[in-house]
Amino acid sequence: MQTRFFTFPDEATFLATAEAAGLMQEGVLVTAIHDYAIDVVGLIYKPTGKFIKDEDGSSYPEQAPIPGWHVNIACNDIHEAFAEYEVFPATPSRNFA
């Protein structure tokens, strides 16, 4: 199996695509069977380069979400409904071990 990466506009679009691909059972996402494993990453946050100070005076990096709802799928083949959402990140934020 290979890991494939997907970015959907939002969670609802992902779930509708999963439903169309037959990956839901009784309204629930089936995240793993012998043919595939789904890792719903959801929102990904990255540092903006700015720092924020909290009320105690400690500073920490400001984070901002990357647009989209992110999902990784380990599989051999993927349903055609997913094709338009596939992305090819140079450095994925999360991957299957």
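The model is predicted. Five strands form an open sheet in the order 4-5-6-1-7, with antiparallel pairing. Two salt bridges are counted.

**Sheet**
- Strand 4 (32–33) and strand 7 (86–87) are the edge strands, each pairing on one side only.
- Strand 5 (residues 36–53) and strand 6 (residues 59–75) run antiparallel and are joined by 13 bridges.
- Lys-46 has Ala-64 in strand 6 as its bridge partner.

**His-70**
- His-70 is located in strand 6.
- With a relative accessibility of 9%, His-70 is buried, because the cut-off for that class is under 20%.
- A polar contact of 3.1 Å connects the side chains of His-70 and Thr-7.
- Beyond its neighbours within four places in sequence, His-70 contacts Phe-6, Thr-7, Asp-39, Val-40, Val-41, Gly-42, Leu-43 and Ile-44.

**Salt bridge between Glu-86 and Arg-4**
- The side chains of Glu-86 and Arg-4 form a salt bridge with an N to O distance of 3.0 Å.
- This pair links distant parts of the chain, with Glu-86 in strand 7 and Arg-4 in strand 1 (residues 2–8), 82 residues apart.
- Glu-86 is buried at 18% relative accessibility, and Arg-4 is buried at 16%.

**Salt bridge between Arg-94 and Asp-39**
- In the salt bridge of Arg-94 with Asp-39, the closest N and O atoms are 2.6 Å apart.
- Arg-94 lies in the segment after strand 7 and Asp-39 in strand 5, so this pair ties together parts 55 residues apart in sequence.
- Arg-94 is partly exposed at 39% relative accessibility, whereas Asp-39 is buried at 17%.

Note on methods
Residues are numbered from 1 along each chain as its sequence is written. This is a predicted model: local features need pLDDT of at least 70, side-chain atom pairs count only at pLDDT 80 or more; totals for chains, interfaces and linings use all residues. Side-chain values use heavy atoms; hydrogens and water are left out. Two strands pair if DSSP finds at least two bridges between them. Helices (H or I, at least four residues) and strands (E, at least two) are DSSP runs, numbered from the N terminus. Buried means under 20% relative accessible area, exposed over 50%, partly exposed in between (1.4 Å probe, protein chains only). A polar contact is a pair of N or O atoms within 3.5 Å; within protein, one must be able to donate a hydrogen and the other to accept it, and residues adjacent in sequence count only if both atoms are side-chain atoms. Contact means heavy atoms within 4.5 Å. A salt bridge is a side-chain nitrogen of Lys or Arg within 4 Å of a carboxyl oxygen of Asp or Glu.
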